[in-house]
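Please examine the sequence and the structure shown below.

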Amino acid sequence: MSVIYEEPYGLFQYVEADNSVPAEERALYTLPSSRTIVDIRQPLYDMRTSTNIVKGPDGLDVQGFTYLEHSSTLSGGDWFAGSNIEEIYIPEIIELICNITGAKRAVVDSVQIRRRVANEEEEENIPNRKGQKHDQIGLKLAKDTVRVVGRDSEESIPPARMVHVDYSLKGLRDTVRLARKDIFETAKSAIDAEDRGESPRYACYSVWRPLKTIERDPLAVLDWRTTDKFELVPYGESHPRSPKSTWKSSVVLDTIPTTQ
């Protein structure tokens, strides 16, 4: 009897964003509403075993992501207790990033714990207007230190199921200049060099880890070499810089592919 191996596939959500409502009129840290949502079946590759993926630090430059084995001293309920994330986990991640990239300095922008199950109705109707629930939650978050979202299960967020990129180049530059004083000071030498017309090397990385066995909505990443700039659509987010002002961080969102 022959055994036929079927390549694993996953459903990926592509979104056409409705940019008719500008960032200034949306709740803090929220996305535009969705004009169109399409689920597309695409092949999956195990980043731990695939021969097409460059392992270790080199993978960051080659394909835009990498997979690393890392053990935190936190486990179980430790993740949600007191200030363990700020006092234990964040220093662990800073040490990891500096060791892997060779960076001299690193700073964490935010920590998001995604504990809530995704809701399709909510994905189609994001409550993203000023004054709504998401805006009130955003106003409570720290403005001058690391934002920790999801430690309280009632204010946790679901997985982001749409294909997206966290930061555009403009979003990165806005973040280091405008997000927080400590981020600005950490990146000041690079900012000054950039303002002089030089090309300093600095970067922003999203670091993900499972806190338990994942049974749905697993993390998937895309090799940047397999997409084109014309497939990316920028949008803005509002962030609180002070009680009276906001700034926009341009993030990019993949458009719906023309072919499947």
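A salt bridge is counted when a side-chain nitrogen of Lys or Arg lies within 4 Å of a carboxyl oxygen of Asp or Glu. Arg-177 and Asp-195 form such a pair through their side chains, with an N to O distance of 3.2 Å. Arg-177 belongs to helix α5 (residues 169–178) and Asp-195 to helix α7 (residues 188–195), so the pair ties together parts that are 18 residues apart in sequence. The structure is a predicted model, in which local features need pLDDT of at least 70 and side-chain atom pairs count only at pLDDT 80 or more, while totals for chains, interfaces and linings use all residues. Residues are numbered from 1 along each chain as its sequence is written, and side-chain values use heavy atoms, with hydrogens and water left out.

**Overall composition and confidence**

- The protein has seven helices and nine strands; helices (H or I, at least four residues) and strands (E, at least two) are DSSP runs, numbered from the N terminus.
- Of its 260 residues, 33% count as buried, where buried means under 20% relative accessible area, exposed means over 50%, and partly exposed lies in between (1.4 Å probe, protein chains only).
- A contact requires heavy atoms within 4.5 Å. Among contacts between residues at least 6 apart in sequence, 69% join residues at least 24 apart.
- The predictor's confidence in each residue is given as pLDDT, from 0 to 100. Its mean over the protein is 82, and 87% of the residues reach 70 or more.
- Confidence is highest in α2, at 96, and lowest in strand β9 (residues 251–254), at a mean of 49.
- Over residues 253–260 the pLDDT is below 50, and in the model this stretch has 28 contacts beyond near neighbours in sequence.

**Salt bridges**

- A search of the whole structure finds 17 salt bridges.
- In the pair described above, Arg-177 counts as partly exposed because its relative accessibility is 24%, whereas Asp-195 counts as exposed because its value is 56%.
- Asp-18 and Arg-35 also meet through their side chains in a salt bridge, at 3.2 Å from N to O. This pair links distant parts of the chain, since Asp-18 is in strand β1 (residues 9–18) and Arg-35 is in strand β2 (residues 33–43), 17 residues apart.
- Glu-198 and Arg-196 form a further salt bridge, at 3.1 Å from N to O. Glu-198 is partly exposed, at 42% relative accessibility, and Arg-196 is exposed, at 56%.

**Helix α2**

- The expected span of a helix is 1.5 Å times one less than its number of residues. The 18 residues of α2 (residues 84–101) should therefore span 26 Å, and the end C-alpha atoms are 25 Å apart, which agrees.
- A kink of about 30 degrees lies at Ile-90, shortly before the proline Pro-91; the bend at a residue is the angle between axes fitted to the seven residues ending there and the seven starting there.
- The buried residues of α2 include Asn-84, Ile-85, Tyr-89 and Glu-92. The buried residues of this helix pack against β3 (110–112) and β4 (147–149).
- Gly-102 follows α2 and has a positive phi, near 80 degrees.

**Nonpolar cores**

- A nonpolar core is a set of buried Ala, Val, Leu, Ile, Met, Phe, Trp, Tyr and Cys residues joined through side-chain atoms within 4.5 Å.
- The largest core has 13 residues, of which Ile-85, Tyr-89, Ile-90, Val-111 and Val-146 touch the most other members. Helix α2 gives the most to this core, with six residues.
- Not counting residues up to four places away in sequence, Val-111 touches Ile-85, Ile-90, Val-146, Arg-147, Val-148 and Val-149.

**Two loop residues**

- Ala-179 is found in the loop between α5 and α6 (181–186) and is buried, with a relative accessible area of 15%.
- The C-alpha atoms of Ala-179 and Asp-109 are separated by 8.2 Å, although these residues are 70 residues apart along the chain.
- Asp-217 lies in the loop between α7 and β6 (232–235) and is partly exposed, at 27% relative accessibility.
- The phi of Asp-217 is near 50 degrees, a positive value in a residue other than glycine.
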